[in-house]
Amino acid sequence: MLEVIAASVAGLLVGSFLNVCIYRLPRDLSVVQPRSFCPCCGAAIAWRDNIPLLSFLLLGGRCRACGARIPWRYPAVELATAALFVAAALAFAPFLEAIKFMIFSALTVGLIVTDLESRILPDEFTLGGAVLGVALAPLAPMQAFLILLFAPLQWGARWLSLGEAVLGALIAPGLLFAMAALYEKVRKREGMGLGDVKMAAMLGAFLGLQGALLALLIGSLLGSVVGLLYIKARHKKVSEYELPFGSFLGAGGLAVAFFSPASV
Ligand SMILES: [Zn+2]
């Protein structure tokens, strides 16, 4: 029970910080300076109006100074992050493994929402995430897969996990890059950006090559189906609609992290 409460509070706080990142990183603003402000009137937000979830409810979803609507994205990101933190606390037994999947969830929520809102996947989340994932691999070992083909026999679980993370961080983006290049050659237009390729490195570092490939597969299928339905429903032209592919990759990554038998 205590861990569920701790995980939800941590998730709400991290979600609140993610909201700052989601707004500021695509605009190349610092995420530490200045303090939170209303994007509508510029008024600084007092700490009591900046409590995750609670302030949104108490303020009725409006800025105290100018009355502008606070986007539903703010409480949604806080809630989603808290829910994933609780899920990680319950699903992963060793403490470090739970922490690793909380970090992965936070990065992925940040990427999903930033891509949806601004069609940008910030390097801080993708490349920064890839480095973090590799660093965490030996601390919370994952199942070895492709690395077993290359690794010396005497390697222990931690080294194998590190190797798997490095392989994932290199090969998953390499494959996506090759797919993107092929798509451009065949369809004569850009299917995905470099941000998606960098995001695949983050997925590979956290999930290993096997998990990252599964995430790419789920993300591509989901993206094609949902994207096509959206284009049909909104009567948009396929050539004019830019699919937030990173958001679908993120959904695939979360599905693999929490539902794939290999990761548990
Ligand atoms: Zn305002």
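Predicted model: local features only at pLDDT ≥ 70, side-chain atom pairs only at ≥ 80, totals over all residues.
Two packed helices are described by the angle between their axes and the distance between the axes. Helices α4 (residues 95-118) and α5 (residues 123-136) pack at an angle of about 170°. Their axes lie 11 Å apart. Angles over 145 degrees count as roughly antiparallel, so α4 and α5 are roughly antiparallel to each other. On the α4 side, the contact is made by Lys100, Ile103, Leu107, Gly110 and Leu111. On the α5 side, Phe125, Thr126, Gly129, Leu132 and Leu136 take part. The residues of this contact comprise six nonpolar, three polar and one charged.

Helix α3 (residues 73-91) contains alanine 82. A residue is buried if 20 or more other C-beta atoms lie within 10 Å of its own. Alanine 82 has 22 such atoms within 10 Å, and is therefore buried. Leaving aside residues up to four places away in sequence, alanine 82 touches Ser8, Gly11, Leu12 and Gly15. Serine 8 and alanine 82 are 74 residues apart along the chain.

Helix α7 (194-233) is not straight. It bends by about 125° at glycine 208. The span of α7 can be set against that of a straight helix. At 1.5 Å a residue, a straight helix of 40 residues would span 58 Å. Between its end C-alpha atoms, α7 spans only 28 Å.

Histidine 235 follows α7. This residue sits in the loop between α7 and α8 (245-259). Its phi is positive, about 55°, although histidine 235 is not a glycine.

The loop between α1 (2-24) and α2 (54-58) holds proline 34. The peptide bond from glutamine 33 to proline 34 is cis. Its omega is near -10°. Leucine 53 also has its place in the loop between α1 and α2. Leucine 53 is not a glycine, yet its phi is positive, about 65°. Leucine 53 has 16 C-beta neighbours inside 10 Å, so it counts as partly exposed.

Conventions: Residues numbered from 1 in each chain as written. Helix = DSSP H or I, 4+ residues; strand = E, 2+ residues; numbered from the N terminus. Buried ≥ 20, exposed ≤ 12 C-beta atoms within 10 Å, placed from the backbone. Axes fitted to C-alpha atoms, helices over the stretch in contact; angles between N-to-C directions. Parallel < 35°, antiparallel > 145°, perpendicular 65-115°, else oblique. Contact = placed C-beta atoms within 7 Å. Nonpolar A, V, L, I, M, F, W, Y, C, P; charged D, E, K, R; others polar. Expected span 1.5 Å × (residues − 1). Bend = angle between axes of the 7 residues up to and from the residue.
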